[in-house]
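Work through the exercises below with the model open. Each task is followed by its solution in steps.

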Amino acid sequence: MTSYRKTALVGGILYLVTFIGSIGAAALVGPAVTDPNYITGPGADQQVALGAIFELVNVFGLIGCGVALFSVIKKAHEGLAIGYLSTRLFEGATITVGVLSLLAVTSLHQQAATTADAASLQPAARALIDIRTWAMVIGGNMAAFNALMLGTALYRARLVPRAIPALGLAGAPILITWVIGMILGLTGPGTPFHVIAVMPFFVWELVLGIWLTFKGFNENAPMAIAERTSRGEHEPSGEAAVALAAKAGAA
């Protein structure tokens with residue numbers, strides 16, 4: 001297993017981990033997010049706390065993606081590699097703020113059970129949920145900038161089939177437009193526009209994670225060949241080498 005294959009395997013698995021974390025969180029935190037009277041009701045603190053743990057799994061996975069793929073992407077374009085890692089770190093930090101807000105809501109719910117004026121805590125709880133919502137809008141949708149950085153590098157270097165990063169690159173402007181519209185109050189979550197904006201990224205990250213896990217980077221990409229040549233490893237010869245050189249020139 002080459003270093004490129006190991007990096008792709010780790011990066012692909014971490015991409016799939018982000019799906020496990022984010023989907024698990026979305027399925028579990030609903031009571032605290034959707035019920036405006038959560039802290040005065042029976043609540044579901046353990047369920048919400050488990051959802052927060054899943055969200056942290058998502059955070060660790062997405063930051064891990066940035067770290068794992070940085071070394072390979074840097075060889076294609078250092079600026080894009082730094083940009084990709086930076087957006088991943090920002091995404092993870094912002095989502096973590098949302099996790100802390102959720103945990104604070106469960107704390108308020110427990111406090112409300114011991115006070116005679118539980119209703120007075122509702123404004124604070126709703127403010128915390130609003131923070132969580134905006135943390136997911138801003139942080140979670142950094143996927144658009146991730147795609148612009150990582151997708152451009154993968155597309156240029158031909159490390160994966162170009163159709164995969166092209167999907168993320170095509171969807172990035174749509175998702176950025178939705179986020180701006182959300183900030184300006186022109187659209188909202190769950191709208192048709194939101195679905196259209198999110199779907200390309202769901203598919204792009206899922207397909208990329210599966211491809212990197214089971215197929216890895218293209219070992220015949222010009223960058224991979226140059227890496228092996230510099231290490232004195234075996235490289236294609238004859239007609240294969242001519243074809244690869246032609247591909248490199250076309251890129």
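**Exercise 1: a helix pair**

α4 and helix α6 (residues 143-157) pack with their axes 8 Å apart and at an angle of about 150°. The model is predicted: local features need pLDDT of at least 70, side-chain atom pairs count only at pLDDT 80 or more, and totals for chains, interfaces and linings use all residues. Residues are numbered from 1 along each chain as its sequence is written, and side-chain values use heavy atoms, with hydrogens and water left out.

Task: classify the packing of α4 and α6 and list the residues in contact.

Solution.
1. Axes are lines fitted to C-alpha atoms, for helices over the stretch in contact, and angles run from 0 to 180 degrees between N-to-C directions.
2. Because angles over 145 degrees count as roughly antiparallel, α4 is roughly antiparallel to α6.
3. The crossing of α4 and α6 is left-handed (the near helix is turned anticlockwise from the far one by less than a right angle).
4. With contact meaning heavy atoms within 4.5 Å, α4 contributes Leu80, Gly83, Tyr84, Thr87, Arg88 and Glu91, and α6 contributes Phe145, Asn146, Met149, Leu150, Thr152, Ala153 and Arg156.
5. By class, the contact of α4 with α6 has six nonpolar, four polar and three charged residues (Ala, Val, Leu, Ile, Met, Phe, Trp, Tyr, Cys and Pro count as nonpolar, Asp, Glu, Lys and Arg as charged, and the others, Gly among them, as polar).

**Exercise 2: a second pair**

Task: describe how α7 and α8 pack.

Solution.
1. The axes of α7 and α8 are 8 Å apart, at an angle of about 150°.
2. That angle makes α7 roughly antiparallel to α8.
3. The crossing of α7 and α8 is left-handed.
4. Residues that meet include Gly168, Gly171 and Trp178 in α7, and His194, Val198 and Trp211 in α8.
5. This contact of α7 with α8 comprises 17 nonpolar and four polar residues, with no charged ones.

**Exercise 3: the largest pocket**

Task: which helix gives the most to the lining of the largest pocket, and which residues lie nearest its centre?

Solution.
1. On a 1 Å grid over the protein atoms alone, a pocket is an open set of points where a 1.4 Å probe fits, with protein on both sides within 12 Å along at least five of seven lines; lining residues have an atom within 4 Å of a point.
2. The lining of the largest pocket has 31 residues, and Ser22, Met136, Gly140, Asn141 and Val198 lie nearest its centre.
3. α1 gives the most to this lining, with six residues.
4. The lining of the largest pocket divides into 17 nonpolar, nine polar and five charged residues.

Terms used. Helix = DSSP H or I, 4+ residues; strand = E, 2+ residues; numbered from the N terminus. Parallel < 35°, antiparallel > 145°, perpendicular 65-115°, else oblique.
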